[in-house]
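Colleague: I would like to learn how to read a model of this kind, feature by feature, with the general idea and then the case at hand. Could we begin with a helix and its surroundings?

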Amino acid sequence: MYWLGPFEYRSKQALLDGLKMYLRTAPLGRVTHQVAIQKLHLLLALHPDAERKIGLGIDHFRIVRNELSGRGFRLVRPDGSEETFSYTKCITGVAQSAYGKACEALRFAVRPQLDAFRDQLIFPTCCAISGEPIVHPNDLHVDHKTPFWRLLSEFCKAHQVDLSTLQTTGNGMSLALVDSCITDAFVAYHLQHAKLQASCQSANLRKGGSEGTFAVPSKHKT
């Protein structure tokens, strides 16, 4: 998996494909979709030359036609100056940020809740997204009705938590926050607020875990 802040993708390539498709289909001009704006801020922070490109700050993002070919992203600063940036450079070969690691650690922390939901299902069960029957457990994905990233954002707001300042320990499935109090608080918050549902793998991939923004259509699966 690859994490862009709290947004989960099945790989770096899946995010790259989603960005490519978004640039093809989104209207030229100012980006107004709030989820897209949040993701572009997270994306730009990964750029190897992010500090210089951001400069005085970011007022908004635009989608523009490149001088040679295709389309690209451009940031507009508060003073009106503009700068292009390559989303590929933001993703390829860049280590996961402290923010991304914290998000992933909290996702692992609530995995027992997802496993418990999975264990109580009786097959065949119905996909909450497509309405199609799920016959085999291998085709099942436990999905958040309210996206995980939104739950995490609301938790951070309510508890005044800045994920970018948190330290993690371990790696892979053992990745965890050093501050276990925050982990325990989020586990309790997730238990109270998360609404889990069964979905089939194909429907969940089409949804992209990202409300359609930078998601990859099923015909572009990797």
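Modeller: Let us begin with helix 1, where the buried residues are A14, L15, L16, D17, G18, L19, M21, Y22 and L23. Please keep in mind throughout that this is a predicted model.

Colleague: Against which elements do the buried residues of helix 1 pack?

Modeller: Their packing partners are strand 1 (2-4), strand 2 (7-9), helix 2 (34-44), strand 4, strand 5 and helix 4 (87-91). As for its length, helix 1 has 14 residues and runs 20 Å from the first C-alpha to the last, close to the 20 Å expected at 1.5 Å a residue.

Colleague: How does the span of helix 5 (residues 98-109) compare with what its twelve residues should give?

Modeller: The end C-alpha atoms of helix 5 are 16 Å apart, and this agrees with the 16 Å that twelve residues should span at 1.5 Å a residue.

Colleague: Before we turn to side chains, how many helices and strands does the protein chain have, and what share of its residues counts as buried?

Modeller: The protein chain has nine helices and twelve strands, and 43% of its 222 residues count as buried. Among the contacts in the chain with a separation of 6 or more, 68% are accounted for by residues 24 or more positions apart. The accessible surface comes to about 11800 Å², with 51% of it belonging to carbon and sulfur atoms.

Colleague: How should I read a pair of aromatic rings?

Modeller: Such a pair is described by the distance of the centres and the angle of the planes. This structure holds nine aromatic pairs. In one of them, the rings of Y22 and F73 have their centres 6.3 Å apart and their planes at 25°, so the pair is stacked. Because Y22 lies in helix 1 (residues 12-25) and F73 in strand 5 (residues 71-76), the pair ties together parts that are 51 residues apart in sequence.

Colleague: Are Y22 and F73 buried or exposed?

Modeller: Both Y22 and F73 are buried. For another geometry, take F148 and F186, an edge-to-face pair with 5.9 Å from centre to centre and 90° between the planes. Here F148 belongs to helix 7 (residues 148-159) and F186 to helix 8 (residues 180-193), so the pair ties together parts that are 38 residues apart in sequence.

Colleague: How many salt bridges does the count come to, and which residue forms one with R52?

Modeller: The general idea is to look for a side-chain nitrogen of Lys or Arg within 4 Å of a carboxyl oxygen of Asp or Glu, and by this rule the count comes to seven. The partner of R52 is E83, with 3.6 Å between the closest N and O atoms. Since E83 lies in strand 6 (residues 82-85) and R52 in helix 3 (residues 50-54), the pair ties together parts that are 31 residues apart in sequence. E83 is buried, with a relative accessible area of 18%, whereas R52 counts as partly exposed at 46%.

Colleague: With which residue do the side chains of K53 meet in a salt bridge?

Modeller: K53 meets E83, at 3.2 Å from N to O, and this pair links helix 3 with strand 6 across 30 residues. K53 is buried, with a relative accessible area of 9%.

Colleague: What can be said of the salt bridge between R62 and E82?

Modeller: The side chains of R62 and E82 meet at 3.2 Å, N to O. R62 is in strand 4 (residues 60-65) and E82 in strand 6, so the pair ties together parts that are 20 residues apart in sequence. R62 counts as partly exposed at 25% relative accessibility, and E82 counts as partly exposed at 35%. Finally, salt bridges that share partners join D49, R52, K53, R77 and E83 into one network.

How values were computed. Residues are numbered from 1 along each chain as its sequence is written. This is a predicted model: local features need pLDDT of at least 70, side-chain atom pairs count only at pLDDT 80 or more; totals for chains, interfaces and linings use all residues. Side-chain values use heavy atoms; hydrogens and water are left out. Helices (H or I, at least four residues) and strands (E, at least two) are DSSP runs, numbered from the N terminus. Buried means under 20% relative accessible area, exposed over 50%, partly exposed in between (1.4 Å probe, protein chains only). Contact means heavy atoms within 4.5 Å. Accessible areas come from the Shrake-Rupley method with a 1.4 Å probe; for residues, only the protein chains shown count as cover. Rings of Phe, Tyr and Trp (its six-membered ring) pair if their centres lie within 6.5 Å; planes under 30 degrees apart count as stacked, over 60 as edge-to-face and the rest as tilted. The expected span of a helix is 1.5 Å times one less than its number of residues.
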